[in-house]
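Work through the exercises below with the sequence and the 3D view open. Try each task before reading its solution.

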Amino acid sequence: MSHSKNNSGPIKVAERVAHFKQDVWSIFTPLAAQLKAVNLGQGFMNFPPPDFVRKAAITAINTDDCNQYSHPKGRLRTREALAKSYSPLFNRTLDPETEVITSAGANEGLYAIFAGFLDDGDEVILIEPFFDQYIANITMNGGVPVYVPLRPHGDTNKIMSSRDWKLDINELRSKITPRSKILVFNTPHNPVGKVFSKEEMLEIAQVVKEHNLLLVSDEVYDRLYYKPDVHERIANLPGLWERTITVGSGGKTFGTTGWRVGWSIGPKNLIKTVLAAQTRIEAIAISIEEADTHDYYEENIVLYEQRREKLCKALSDAGLPYTIPQGSYFILANTKRINIPENYEYPEVLNGRPRDFKVCYWMAKEIGVVAIPPSEFYSEENRHLGEDYARFAFCKTDETLEAAAKALLKLKKYINE
Ligand code: PMP
């Protein structure tokens with residue numbers, strides 16, 4: 001027999017997943033629970049969704065057909081609500097039948113895009129640091145990630161702005177090969193909090209057009225940007241609508257990360273390729289309809305600005321420099337000056353992991369605050385660029401942020417002046 005195999009032993013895992021290391025979420029989220037530490041790690045809210053969103057969920061569950069199969073593109077009401085809400089933002093009338101598709105979270109939408117467009121060996125350019133799930137979504141579909149980092153300009157030992165993290169367009173150009181197929185772009189950015197300016201986007205757009213790339217614009221934080229910045233949509237630049245799929249998420253917008261509702265918006269010929277098995281929740285449709293008639297997005301931004309302020313102050317008081325984010329709900333703090341006792345013991349799961357994993361583990365245990373090590377958001381070759389940072393999420397209650405502020409003061413005695 002040509003396909004002989006052992007009749008005993010563990011069932012062999014597929015090559016495409018066998019190399020995956022334990023991901024950062026499954027290390028630090030359980031650690032927070034185990035240590036009862038203040039959890040500013042994973043980006044989920046520990047406050048309830050707004051009333052109108054919760055009411056929408058109850059209405060949806062009491063509507064019989066909402067509990068049953070829906071069209072593979074997503075429930076019509078959701079697509080209609082998305083088309084209506086996003087048409088003015090894309091300066092065009094979106095067709096809910098052909099230009100909008102929903103998914104189980106933005107993450108599944110991204111997976112479906114890579115599944116729909118990648119052939120084995122096609123290259124996908126990622127701007128580092130990046131949302132770590134991109135990698136599995138790309139490699140499981142035969143794609144090869146290629147990396148180009150955002151680099152902080154200025155003194156990283158001082159408070160800086162996410163505006164100071166810049167992409168070198170020539171470095172991006174140097175990564176293009178005949179196999180380049182997709183560029184993944186993310187604004188507002190996780191974890192830097194950068195909101196790309198129109199000028200920066202124009203440069204990227206030029207490269208994308210010159211090399212006939214598909215642009216995947218991950219805009220899951222599109223409703224979270226802070227004054228004076230505004231979120232520009234790269235698909236609105238000349239010649240970009242035709243080659244851009246914009247991905248969004250109900251989880252970030254409505255404080256419902258567990259509902260797993262996302263969407264992709266783009267031209268008909270691209271969206272038709274993005275088909276995947278999906279489950280959808282009509283409550284997001286109702287929420288979008290209502291959000292547009294109230295001032296939900298503006299009011300939400302004000303609340304998040306207050307949370308950002310609280311966490312910035314806490315980090316300043318603790319003596320940690322950081323990057324003030326223009327958008328999203330994360331702050332990168334520079335942990336370089338934290339002096340961790342040399343013989344500190346780490347669990348086995350951290351063996352061979354970079355310094356930031358160790359700092360975050362130590363901080364969880366000794367300071368009582370959990371943050372995420374961002375080196376996970378870089379390629380092997382550029383991992384060192386993330387090693388001096390920790391990512392703190394501020395989508396948390398005032399009480400949690402105040403508890404974090406108090407705990408973080410314990411850092412002071414470990415910080416080198
Ligand atoms: N993209 C980015 C940049 C993210 O930060 C996240 C969630 N952390 C996602 C995509 C996935 O969104 P969802 O939860 O809707 O799948």
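The exercises cover the ligand site, the nonpolar cores, single residues and the backbone of this predicted model.

**Exercise 1. The ligand shell**

Solution: 

**Exercise 2. Polar atoms at the ligand**

Task: Find what lies 2.8 Å from an oxygen atom of the ligand, and what lies 2.9 Å from a nitrogen atom of the ligand.

Solution: 
- A polar backbone atom of Ala 106 is 2.8 Å from a ligand oxygen.
- Check the side chains. Asn 190 places a polar side-chain atom 2.8 Å from an oxygen of the ligand.
- A side-chain N or O atom of Lys 252 lies 2.9 Å from a ligand nitrogen.
- Now take the ligand's surface. Alone, the ligand exposes 400 Å², and the protein buries 91% of that.

**Exercise 3. Asn 107**

Solution: 
- Compare sequence with space. Asn 107 and Asp 218 are 111 residues apart along the chain, yet their C-alpha atoms are separated by 9.8 Å.

**Exercise 4. The nonpolar cores**

Task: Which residues touch the most other members of the largest nonpolar core?

Solution: 
- The largest core has 79 residues, and Phe 392 and Leu 411 touch the most other members.
- Helix α13 (residues 355–367) supplies the largest share of this core, 8 residues.
- A second, separate core has 28 residues, among them Val 192, Phe 196, Leu 215 and Leu 332.
- Return to Phe 392. Beyond four places in sequence, its contacts include Leu 40, Leu 311, Tyr 329, Met 363 and Leu 408.

**Exercise 5. Buried or exposed?**

Task: Classify Val 216, Glu 376, Lys 36 and Asn 212 as buried or exposed.

Solution: 
- Set the cut-offs: buried is under 20% relative accessible area, exposed is over 50%.
- Val 216, in strand β8 (residues 214–218), has 0%, so Val 216 is buried. Its contacts beyond four places include Leu 110, Ile 182, Phe 185 and Val 247.
- Glu 376 lies in the loop between β13 (369–370) and β14 (389–393). At 16%, Glu 376 counts as buried. Arg 353 and Arg 383 are among the residues that Glu 376 touches.
- Lys 36 has 74%, so Lys 36 counts as exposed.
- Asn 212 has 57%, so Asn 212 counts as exposed.

**Exercise 6. Backbone geometry**

Task: Find where cis peptide bonds occur, and where phi is positive in a residue other than glycine.

Solution: 
- Thr 187 and Pro 188 are joined by a cis bond with omega about -20°.
- Lys 227 to Pro 228 is also cis, with omega near 5°. Pro 228 is in the loop between β8 and β9 (244–249).
- Phi of Lys 36 is near 55°. Lys 36 is in the loop between α2 (24–35) and β1 (38–39).
- Phi of Asn 212 is about 50°. Asn 212 is in the loop between α8 and β8.

Technical notes: Residues numbered from 1 in each chain as written. Predicted model: local features only at pLDDT ≥ 70, side-chain atom pairs only at ≥ 80, totals over all residues. Heavy atoms only, no water. Core = buried A, V, L, I, M, F, W, Y, C linked by side-chain atoms within 4.5 Å. Buried < 20%, exposed > 50% of the residue type's maximum accessible area, 1.4 Å probe, protein only. Helix = DSSP H or I, 4+ residues; strand = E, 2+ residues; numbered from the N terminus. Contact = heavy atoms within 4.5 Å. Polar contact = N/O pair within 3.5 Å; in protein donor to acceptor, adjacent residues only side chain to side chain. Areas by Shrake-Rupley, 256 points an atom, 1.4 Å probe, with all protein chains shown as cover.
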